[in-house]
Amino acid sequence: MSSEKLIEKIETVVKSYQDFPKKGILFRDCLPILQNPELFEDLISVFENYLKSNGSVVHAVSGIEARGFLIGPPLALKLKVPFVPIRKAGKLPGVVIKQQYELEYGTDTVEIQEDSLKPGQNVVLIDDLIATGGSMAAAVNLIKTVGATVEHCLSVIELTDLKGRQKIDAPVYSVFKY
């Protein structure tokens, strides 16, 4: 089945919740995709098809905590490459590299293990959502800091009005744009 048909099929289960987590926010929920094994597999196929159609050479998949940890490992298995986690500060052992980024009210920090990627490796970075782009942009910077290249940033959902894509210094592909 073509990626377009798979995307149409998958989108039927994406839910919207008005006023969550606070009034005025329309929350897009992709978790129902993960609750349906066939659709979850279809989602991974959409990402795989995208990478193949772009001639991407991928040496690792990296996912941003927490939902990037749900989508990244199946994609890494499909591509037969390692999965490298990017976590919140203080969660990874060993020598880590940190990157701080701005939130709506304050800052947060993500980390990667210094030796988890090798210089020159092509990495696909994945998360469930691109909103303001802060965590994805910080993760791109981490990957570049260890000497690897971000081949593509992938997301299930992108909230286009928030213009997060503009902060990300790598090619971006989102399955759904709202």
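Which residue is the bridge partner of tyrosine 101 in strand 6? It turns out to be aspartate 108. The model here is predicted, so to speak of local features takes a pLDDT of at least 70, while side-chain atom pairs count only at pLDDT 80 or more and totals for chains, interfaces and linings use all residues. Residues are numbered from 1 along each chain as its sequence is written, and side-chain values use heavy atoms, with hydrogens and water left out.

Strands here are DSSP runs of E with at least two residues, and helices are runs of H or I with at least four, both numbered from the N terminus. Two strands pair if DSSP finds at least two bridges between them. Strand 5 (residues 96–103) runs antiparallel to strand 6, joined by eight bridges, and the two make a hairpin with two residues between them. Strand 6 (residues 106–113) also pairs with strand 4 (residues 83–88), again antiparallel, over two bridges. On that side, lysine 88 sits opposite valine 110 of strand 6.

Then there is the largest pocket, with about 1,100 Å³ of space. A pocket is an open set of points on a 1 Å grid over the protein atoms alone, where a 1.4 Å probe fits and protein lies on both sides within 12 Å along at least five of seven lines; lining residues have an atom within 4 Å of a point. The volume is the space filled by probe spheres set on the points. Of the 31 lining residues, Leu129, Ala131, Thr132, Leu159 and Leu162 come closest to the pocket's centre. Strand 7 gives the most to the lining, with four residues.
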